[in-house]
Amino acid sequence: MQYFPFVVVAWILGVGLYGIATSRHLVHLIICLIVVQSSTYVLLLGVGYVTGAVAPYYYDIPAHTPAVDPVVQALALTDVVVEAAVTALLLSFAIQAHKRFGTLDPQELVSLKG
Amino acid sequence: MTPGQRRWVFGLAVAGLAAFYLWGLSGLPGFGDYPGPYGFAILHLAVQQTNATGVVSAVNFDYRGFDTVGEEFILFAAAAGISVVLRRLRGERERSAIDEAADRDVPPTSGAVRMVALLFTGPVVVVGWWLASHAQTNPSGGFQGGVILATAFVLVYLAGEFMVLRRFSPVALTDAVEAVGAGGFAAIGVAAVPMGRAYLYDFLPLGQTPGAVSSSGTIALISFFVGLEVGAAFVLIVGEMLDQTLLIRGRDA
């Protein structure tokens with residue numbers, strides 16, 4: 001039984017969450033959110049890993065060669081694309097927040113709007 | 001809330017999360033001992049059933065194609081959301097594309113940057129296109145290909161100017177391509193329904209050789225449309241961001 005990859009997941013998640021909780025800048029906060037989401041890639045790929053197996057592509061290897069779970073890989077793939085799009089959307093919110101309130105500090109934004 | 005209190009609340013929440021995580025972990029098989037019957041069933045059936053050697057693409061565009069439709073529309077909605085959020089607000093005006101301070105000495109783009117960007121634009125388009133059209137073969141597909149195709153447009157911006165980028169990718173055309181990409185995926189799914197098949201059923205001929213470009217029926221076609229959608233969405237997002245910095249000026253500017 002090996003748990004090391006899941007420890008890495010917890011560490012990436014923890015670092016990202018700490019960054020979000022203590023952030024003083026919206027762009028920094030968005031990057032921390034990306035870090036949090038990165039932990040899901042490690043978790044998905046870690047869950048589907050099979051010792052000694054290859055990537056699930058049968059172009060140049062014999063059929064029925066043991067391979068890792070393709071379902072979690074497909075999930076990680078779509079996860080990456082959605083993350084990129086959602087990050088762009090959040091950054092555009094940050095642009096508008098800066099225009100409107102003249103600051104990117106989430107704690108000042110709270111005190112401005114109540 | 002003071003930063004000190006915030007840290008306390010955070011600490012409590014993390015302790016709770018850690019407890020749940022450890023609890024969940026205790027029920028997981030160890031790393032490398034994945035028992036998953038679903039994944040292994042697909043591994044054994046995918047190449048025979050779909051003639052695609054890229055099993056991840058087969059999962060994405062066929063077995064769980066319905067999830068991917070939803071996921072693609074997240075991207076579509078995000079791009080639309082960015083267009084709405086970054087629209088011209090009241091009191092802002094669009095700067096004309098003509099240089100307003102012609103007398104000011106702006107350092108030109110360095111020759112090295114322009115050269116590298118120009119050299120890479122062609123190959124990047126080829127790689128993006130190749131990835132978008134080989135989902136059924138190897139680790140590629142519309143998502144990866146689309147992002148790389150969009151990179152080509154960013155290189156055009158780096159090599160030239162913003163106006164050159166706009167000439168290569170007019171907003172109306174980019175919008176149309178994005179809509180065709182997103183709608184094409186959904187339409188391929190619906191096309192199976194009048195034939196008495198389930199939504200997104202692979203109704204096209206699967207070809208002879210597994211993993212050939214012409215194999216796997218709708219998987220290849222859907223990947224192509226996803227490539228269009230992803231590429232156009234990212235070109236649109238980059239364009240909106242550049243608009244914001246270059247063309248729109250605020251009330252006080």
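**Exercise 1.** Work out which hand the crossing of H5(B) and H6(B) has, left or right.

*Solution.* The crossing of H5(B) and H6(B) is left-handed, the near helix being turned anticlockwise from the far one by less than a right angle (clockwise would be right-handed). Keep in mind that this is a predicted model, where local features need pLDDT of at least 70, side-chain atom pairs count only at pLDDT 80 or more, and totals for chains, interfaces and linings use all residues. Residues are numbered from 1 along each chain as its sequence is written, and chains are lettered from A in the order in which they are written.

**Exercise 2.** Find at what angle helices H5 and H6 of chain B cross.

*Solution.* Take H5 (residues 111-132) and H6 (residues 142-159) of chain B: their axes come within 8 Å and cross at roughly 160°. That makes H5(B) roughly antiparallel to H6(B) (angles over 145 degrees count as such). Next, sort the contact by class: 17 nonpolar, seven polar and one charged residues.

**Exercise 3.** Find which helix of chain A gives the most residues to the side that touches chain B.

*Solution.* Start with the whole contact, which takes 42 residues from chain A and 44 residues from chain B (C-beta atoms, placed from the backbone, within 7 Å). On chain A's side, H1 (4-22), H2 (26-47) and H3 (70-101) each give two or more residues. H3(A) gives the most, with 17 residues.

**Exercise 4.** Check which element of chain B has the lowest mean pLDDT.

Terms used: Axes are lines fitted to C-alpha atoms, for helices over the stretch in contact, and angles run from 0 to 180 degrees between N-to-C directions. Helices (H or I, at least four residues) and strands (E, at least two) are DSSP runs, numbered from the N terminus. Angles under 35 degrees count as roughly parallel, over 145 as roughly antiparallel, 65 to 115 as roughly perpendicular and the rest as oblique. Ala, Val, Leu, Ile, Met, Phe, Trp, Tyr, Cys and Pro count as nonpolar, Asp, Glu, Lys and Arg as charged, and the others, Gly among them, as polar. Two residues are in contact if their C-beta atoms, placed from the backbone, lie within 7 Å. pLDDT is the predictor's confidence in each residue, from 0 to 100.
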